[in-house]
Amino acid sequence: MNHTIRQPTASPQAAAARRKGADLPPVLVYENVRKMYGDFVALSGVSLQVNKGEVMCLIGPSGSGKSTLLRCTNALETLNGGRVLLDGVPLPTREADVRKVRQRMGMVFQSFELFPHKSALDNVAMGPITVLGMNEEKARARAMALLDKVGLVAKANNFPANLSGGQQQRVAIARALAMEPEVMLFDEPTSALDPETVGEVLNVMKKLAQEGMTMIVVTHEMSFAQRVANWVVVFENGAIMEEGPPAQIFDNPTVARTRDFLGHLGWNG
Amino acid sequence: MTFDWSVIWTHRDALLQGAAMTVGLTVVTMLLAVPCGIVLALMRLSSSRLLSNASLAFVEFFRNLPLILVIYWAFYVLPIAFNVEFSALTTALAALVLNVSAYNAETFRAGINSIRKGQLEAALAVGMSRRQAMFKVVIPQAARRILPVLASTWISLFKDTSLVSVIAVGELAYTAMQIRAQTFRVLEMLTAMAALYWLMGYPQAKLVDWIHKKYGVKE
Amino acid sequence: MDIDFSPLIENWRFFAGGLGVTVALSVISALTSLLAGLAIALGRLYGPGWLRPVLVFYIDTMRAIPVLVVLVWIYFAFPLLAGVTFPPFWAALVALTLHIAAYAAEVMRAGIESIRPGQTRAALALGMSRAQILRKVILPQATIRMLPAFGSVLTMAIKDTAIATVIAVPELMHRAETVAGQSYRPVEVYTAVMVAYFCVLFPVTRGVDRLYQRLAHLGRS
């Protein structure tokens with residue numbers, strides 16, 4: 001097994017300065033985001049920044065707020081405090097404006113949520129046709145190209161009932177990409193998959209990352225986070241425990257709780 | 001056009017008797033149709049082809065006929081078939097029981113079937129006898145699924161009793177329409193009839209909702 | 001006991017006409033009930049707050065009152081209030097629709113609510129509007145899931161048309177009564193008409209079952 005030389009991590013500020021995309025204004029900024037469900041505090045004032053072209057992985061125990069933050073990003077959840085800024089502009093409140101913002105972000109769900117009454121191709125083309133008002137032929141052509149990108153051209157006319165979990169998730173990724181988003185949000189994309197099919201989905205995500213897509217990924221796949229992520233954020237109890245490059249989080253966490261959490265997952269570095 | 005709503009009060013005794021008859025018909029029919037339904041369901045689930053098909057034929061036949069037709073048919077055919085004079089009431093009960101048994105048979109069969117295999121096997125695997133498994137595991141769970149459906153059938157039956165008015169059985173609909181014919185107070189009597197059914201039926205509908213909520217199965 | 005089916009054979013045209021009215025009344029009331037039911041379900045799910053209790057009251061009322069009662073009230077009592085008379089066929093249509101639409105509304109509400117919330121979230125994430133989501137994602141799936149219930153609505157309508165005989169709508173049941181009364185052969189007439197109704201109803205339920213089995217996977221998310 002390769003042992004990479006572990007250099008002592010520089011101070012968090014230095015790490016932030018060397019962060020990918022740090023020279024450009026951030027794509028997303030979370031300012032003190034608060035979210036409550038009744039009495040339960042899901043997010044207790046989270047501040048975070050996502051840079052352009054960055055692959056950010058959100059990790060942490062269940063219920064720690066990572067998925068909630070993701071859903072607040074594209075306004076599937078409303079905030080109880082703080083703001084989310086996309087390209088420096090706070091998320092709007094009017095439904096029609098929110099829809100426009102959602103078009104600029106793509107989301108991939110743990111349960112895939114393909115539309116069962118449409119073929120794979122039609123699932124991918126649906127966004128452009130319905131939301132962007134694109135001409136059907138053009139939309140289908142774009143859909144085909146995206147299905148090719150995720151390796152599922154042969155299944156274009158299959159209905160979701162005839163696709164494996166991994167195939168459905170790849171179609172779901174193509175569906176999100178069809179809207180040509182600035183940011184891709186992944187909510188535990190592989191948690192519902194058999195171990196054999198997890199790989200095919202992670203490969204597609206890796207390819208996307210290499211092409212420079214800005215991605216926020218909530219995941220339990222630690223090897224993916226370690227190898228593909230540019231920045232890792234550790235959540236607990238609705239707050240950020242620690243954030244930094246994967247080398248810091250996985251090899252040299254500065255916060256003891258992070259060590260505990262990773263240890264619990266059986267992560268031995 | 002003047003309306004005289006006092007006719008309702010004047011004839012309240014007759015109307016209440018009619019309502020009582022409606023309730024009575026519902027209760028007696030259900031008391032008979034539940035055991036019949038169970039028997040038919042067991043026949044259908046039995047390994048004997050003959051019994052199973054006989055039950056299937058009966059159930060499919062009566063579920064695919066309008067009840068009012070069955071009532072008329074029973075009225076004319078039963079006396080001839082059995083060579084006995086039946087009262088209208090007996091005929092009505094016969095028709096209702098035939099009809100509701102068919103629905104109950106399906107309810108019981110589906111309820112039992114929805115539990116059978118896995119639960120039964122699990123119970124047997126623990127070491128229970130077939131009998132214990134049926135009575136301690138399958139039937140209690142089947143009962144939870146069957147009860148809401150039975151409650152809905154009850155309400156349908158309650159409303160269907162109005163149809164036996166066509167063979168002059170003195171339940172609420174017949175009574176109200178008789179009074180209408182006698183007094184010529186059409187709007188008053190028909191509205192009273194509707195209101196009385198509403199007063200009896202609305203609470204029952206709410207009760208059925210409650211039963212569905214309480215015993216509704218969440219897998 | 002002698003059996004004589006001649007009244008049926010002699011009057012077959014009369015019966016055929018009755019069957020035609022039965023089919024027409026059933027199909028039209030089924031359609032109007034489904035449309036009204038959809039409107040009521042959508043009103044209940046997405047309408048203004050004050051509308052909800054009104055619709056629930058209507059639905060619960062139709063669960064409590066027999067269709068016979070609604071039928072005779074519409075035909076005999078309503079004209080006295082409003083001053084308009086309905087010909088029997090139309091009175092039956094209105095009454096049946098009123099009664100069955102309540103059931104249809106409940107079925108549709110359940111169908112729509114059974115669609116996983118994840119489907120709505122995925123569609124929202126793409127940027128679809130609520131109306132688009134309803135039209136393109138929810139209703140298509142719900143419709144497939146509700147196919148068996150639509151079949152029930154149709155069978156309900158067919159059976160309820162027989163009740164329309166009490167207001168002398170010239171459908172099959174009424175024709176049966178007429179011929180049975182005139183020919184003094186009730187056993188033969190009613191038995192034959194029973195077979196006729198069975199032959200109409202049975203294929204409808206079976207057909208719907210078959211269709212649903214073929215299409216069910218399109219509604220499963």
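Here is a short chat about how the chains of this predicted model meet.

Me: What should I keep in mind about the numbering and the model?
Reply: Residues count from 1 along each chain as its sequence is written, while chains are lettered from A and ligands numbered from 1 in the order in which they are written. The model is predicted, so local features need pLDDT of at least 70 and side-chain atom pairs pLDDT 80 or more, while totals for chains, interfaces and linings use all residues, and side-chain values use heavy atoms, with hydrogens and water left out.

Me: What makes C:Arg116 and A:Glu113 a salt bridge?
Reply: The rule wants a side-chain nitrogen of Lys or Arg within 4 Å of a carboxyl oxygen of Asp or Glu. Here the N to O distance is 2.5 Å, so the pair qualifies. The rule finds one salt bridge across the interface of chain A and chain C.

Me: How do you know that chain A touches chain C?
Reply: Contact means heavy atoms within 4.5 Å, and 24 residues of chain A meet that with 22 residues of chain C. A:Glu113, A:Pro116 and A:His117 lose the most area to chain C, together 27% of what that side buries.

Me: What does "bury" mean for chain A and chain C?
Reply: Buried area is the accessible area (1.4 Å probe) that two parts lose on being put together, summed over both. For chain A and chain C that comes to about 2000 Å², 67% of it on carbon and sulfur atoms.

Me: Why is the pair B:Asp209 and C:Arg63 called a salt bridge?
Reply: Their side chains come to 3.1 Å, N to O, so they pass the rule as well. Between chain C and chain B the count is three salt bridges.

Me: Which helix of chain C gives the most to the side that touches chain B?
Reply: Helix 10 of chain C does, with 12 residues. A helix here is a DSSP run (H or I, at least four residues), numbered from the N terminus.

Me: How much area is buried between chain C and chain B?
Reply: About 3500 Å², with carbon and sulfur atoms giving 76%. C:Arg63, C:Leu80 and C:Met194 supply 20% of the area that chain C buries against chain B, more than any other three residues.

Me: How do you know how confident the predictor is about chain B?
Reply: That is what pLDDT gives, for each residue, from 0 to 100. Chain B averages 89, and 98% of the residues score at least 70.

Technical notes
Helix = DSSP H or I, 4+ residues; strand = E, 2+ residues; numbered from the N terminus.
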